[in-house]
Amino acid sequence: MKHKQTLAMLLAAAMVLSMPLGAYADEMKPVQDEQAMMELYGTPDYEAPVLHSISVDKETVKPGETLTFTLNVTDDISGIDYIQIDLINEATGKTDWIRKVVTVNDENKYTLTYTVPKDEAVGTLRVDEVSLSDALGRYGFYHSKTNERADQYLPNEISVEIVESTSEDKEARFSMICL
């Protein structure tokens, strides 16, 4: 019995002494400064994308026509990943959105197109919100000034008048259908 206890003690001591405690000590040091952290993990990205401006190519539009929105957006580190524009028809309260996954470009200008539905009611189509995301998932939300609880507002309000198709447009559509 005494031999078994001695043997167990010797085996335990051998196992403890064979552990490489000091062999990897340099690799086990915690990262202590930001420069070393950047070398290990890359540059940290703490900032959300920034919307500098937004514009639209038309002031009035008929149902079925296309609008082109141009946005000037920057991001400090990882680059823009997607842009979403939320629209609202003020006459009906109907909402719609445009979403586009984008690739980073040197000019920081992005365009999104929107085709007004053919059954859209006459009224004012207003940009209600712009959502931005960078490649690391940092989000920026810019709201219309009609949203009193927003943290950030659009740099400028954008709205487009939806006008009724002229009688010539209706006649042309009718004659094409009848032919």
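Two strands count as paired if DSSP finds at least two bridges between them, and strands themselves are DSSP runs (E, at least two residues), numbered from the N terminus. Keep that in mind as you open this predicted model, where local features need pLDDT of at least 70, side-chain atom pairs count only at pLDDT 80 or more, and totals for chains, interfaces and linings use all residues. Residues are numbered from 1 along each chain as its sequence is written, and side-chain values use heavy atoms, with hydrogens and water left out.

**First stop: a sheet**

Select E1, E3 and E6. These 3 strands form an open sheet in the order E1-E3-E6, with antiparallel pairing. Strand E1 (50–56) and strand E6 (109–115) stand at the edges with a single partner strand each, so one side of each has no neighbour in the sheet. Neighbouring strands here are turned by 25° against each other on average, direction ignored; the angle is taken between axes, which are lines fitted to C-alpha atoms, with angles running from 0 to 180 degrees between N-to-C directions.

Now zoom in on E1 and strand E3 (residues 66–74), an antiparallel pair joined by 6 bridges. Show Ser53 and you will find Asn72 of E3 opposite.

Switch to side chains. The whole structure holds 3 salt bridges, each a side-chain nitrogen of Lys or Arg within 4 Å of a carboxyl oxygen of Asp or Glu.

Select Arg126 and Glu90, whose side chains meet in a salt bridge at 2.5 Å, N to O. This pair links distant parts of the chain: Arg126 lies in strand E7 (residues 123–134) and Glu90 in the loop between strand E4 (80–89) and strand E5 (95–101), 36 residues apart. Is Arg126 buried or exposed? Arg126 is buried, at 10% relative accessible area (buried means under 20%, exposed over 50%, partly exposed in between, with a 1.4 Å probe and protein chains only). Glu90 is partly exposed, at 44%.

Through shared partners, Glu90, Arg126 and Asp128 are joined into one network.

**Last stop: Lys94 and Glu120**

Finally, select Lys94 and Glu120, a salt bridge whose closest N and O atoms are 3.2 Å apart. Lys94 sits in the loop between E4 and E5, and Glu120 in the loop between E6 and E7, 26 residues apart. Colour by accessibility: Lys94 is partly exposed, at 36%, whereas Glu120 is buried, at 8%.

Notes: Helices (H or I, at least four residues) and strands (E, at least two) are DSSP runs, numbered from the N terminus.
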